[in-house]
Amino acid sequence: MPTTESRHPHRPRRPHQARGDSFAVLDPATGEPFDEAPDQQPEELDAIVDRAHAAWRGWRADPDARAAALLAAADAVEQAGPDLAPLLTREQGKPLPESNAEVARTAARLRYFAALRPETQPIADGRPMRSEVRWQPLGPVAAIVPWNFPLQLASAKFAPALAAGNTVVLKPSPFTPLATRMLGSVLAAALPEDVLTVVTGREPLGDRLATHPGIRHVTFTGSIPTGRAVARGAASSLARVTLELGGNDAAILLDDVDVEQIADRLFWAAFRNCGQICMAVKRVYAPARRYSEVVDALAQRAKRTVVRPGLEAGSQLGPINNDLQLARVEHYTARALADGARAAAGGHRLDGPGYFFAPTILADVPPENPVVTQEQFGPVLPVLAYRSVDDAVEAANATGFGLGGSVWGTDLDRAETVAERLECGTVWINHHGELSLAQPFAGIKESGVGVAGGPWGFYGNLRPFVVHRPQEA
């Protein structure tokens with residue numbers, strides 16, 4: 001079992017070794033293979049996309065049948081939860097209760113979008129014509145999903161796309177293909193053939209899917225460099241793109257904050273899923289006179305957090321998902337410590353097998369250090385002191401990211417005034433990272449293009465179709 005007191009050298013190793021037409025899937029709690037997934041080749045996509053296009057003709061034609069199928073799919077996902085959740089934990093690493101929640105969220109999202117219908121909108125322009133905007137689906141959609149929330153992020157893409165009348169080709173990360181494949185099998189029992197197809201494989205499979213001329217909408221979650229490549233590829237066929245490209249969310253604590261009251265919420269807003277959340281708190285700005293209090297409160301919680309394999313009872317944090325990401329987290333932490341930061345808690349990899357890293361609170365970090373300016377995407381949180389609220393807001397906004405942010409304090413009106421100055425897509429007051437299925441989720445700057453969630457995400461999978469006809473005599 002990992003401890004919080006030791007480290008050992010680590011050399012990254014590619015986890016997916018070729019084995020004919022399959023590749024190995026590793027358990028991040030051990031670092032060892034436990035299963036395989038099909039290594040599908042790019043040339044296979046032509047037939048898959050053709051079948052998705054053929055299925056689209058029937059799927060788009062009957063909204064009532066679509067809604068019924070999506071509701072049946074939601075029921076099937078819930079029934080499969082006892083099998084899906086442990087497999088998700090095995091390949092992703094998160095504690096089993098979080099995997100159960102991810103399965104439940106997947107079913108809930110299917111039900112939410114099953115209830116949405118596009119609304120015809122009349123055009124009143126003074127002409128003797130009845131004009132209206134109707135909405136039509138786009139065609140086959142490519143959904144390319146990362147490894148941190150394989151099922152939840154997949155459903156965030158396929159549920160609105162399917163509800164809008166599109167068909168979907170879904171590609172999970174090669175680090176976490178298995179639960180998604182199982183999910184695809186579960187959904188196949190409720191959906192018509194070829195309406196949703198799961199493909200697994202290593203690159204260049206994803207690149208070929210994003211550039212395939214038969215795909216009309218590419219929706220991708222992942223890194224900024226890969227997102228740029230996806231956008232360039234989709235441009236070759238002028239496909240629509242929706243890109244969610246990560247964040248470096250700042251949490252600003254005001255000087256009237258009740259530290260003990262908010263410390264648990266703030267800590268888990270940064271460390272849930274081992275910090276592997278695009279909208280996790282990744283920087284904390286605390287007033288200079290309260291700085292030590294904030295650092296100590298977060299460090300106490302880091303030190304008592306239970307870190308163990310996600311399938312073990314009582315686990316609060318599992319491993320980082322893969323050794324490449326572990327190496328990234330180690331690098332950022334080591335660089336910060338070398339530049340003068342202090343580890344108030346953690347600061348090292350944990351001894352033993354698997355990709356475990358101690359929950360880490362970094363104090364006295366230089367503000368230009370990469371652990372502050374980049375997205376570390378791991379269980380490491382820098383805490384920085386500020387002299388004035390203006391300084392904190394300026395520092396929070398001084399980044400290419402713009403996904404989320406939060407402000408914490410007792411005076412809610414004052415906190416909201418500060419929150420409105422943050423340059424991001426979503427801002428929270430006295431909490432962070434909580435999303436409703438009914439709300440839009442979008443970043444600005446380098447954090448993304450397009451909108452997911454709610455009616456906005458639904459209409460993002462439709463195109464306006466204008467019909468004019470003379471008025472009746």
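**A buried threonine, a helix pair and an open sheet**

Leaving aside residues up to four places away in sequence, Thr176 touches Glu91, Gln92, Pro146, Trp147, Pro150 and Asn321 (contact means heavy atoms within 4.5 Å). The model is a predicted one, in which local features need pLDDT of at least 70 and side-chain atom pairs count only at pLDDT 80 or more, while totals for chains, interfaces and linings use all residues. Residues are numbered from 1 along each chain as its sequence is written, and side-chain values use heavy atoms, with hydrogens and water left out.

Thr176 sits in the loop between strand 7 (167-171) and helix 6 (178-188); helices (H or I, at least four residues) and strands (E, at least two) are DSSP runs, numbered from the N terminus. With a relative accessible area of 0%, Thr176 is buried (under 20% relative accessible area; exposed is over 50%, partly exposed in between, with a 1.4 Å probe and protein chains only).

Next comes a helix pair. Helix 3 (residues 81-92) packs against helix 4 (residues 96-114) at an angle of about 125°, their axes 8 Å apart. Axes here are lines fitted to C-alpha atoms, for helices over the stretch in contact, and angles run from 0 to 180 degrees between N-to-C directions. The two helices are therefore oblique to each other (angles under 35 degrees count as roughly parallel, over 145 as roughly antiparallel, 65 to 115 as roughly perpendicular and the rest as oblique). On the helix 3 side, Gly81, Leu84, Ala85, Pro86, Leu88 and Thr89 meet Leu96, Ser99, Asn100, Glu102 and Val103 of helix 4.

Seven strands form an open sheet in the order 13-14-15-12-11-16-17, with mixed pairing (two strands pair if DSSP finds at least two bridges between them). Strand 13 (342-345) and strand 17 are the edge strands, each pairing on one side only. From one strand to the next, the twist averages 25°. Helix 9 (residues 259-271) packs on this sheet, touching strands 11, 12, 14, 15 and 16, and its direction makes about 145° with that of strand 12.

Strand 16 has parallel pairings with strand 11 (residues 249-253), over four bridges, and with strand 17, also over four bridges. Ile252 has Val407 in strand 16 as its bridge partner, while Ser406 is partnered by Trp428 in strand 17. In strand 17 (residues 426-429), Thr426 and Trp428 make up the covered face, and Val427 and Ile429 the uncovered one.
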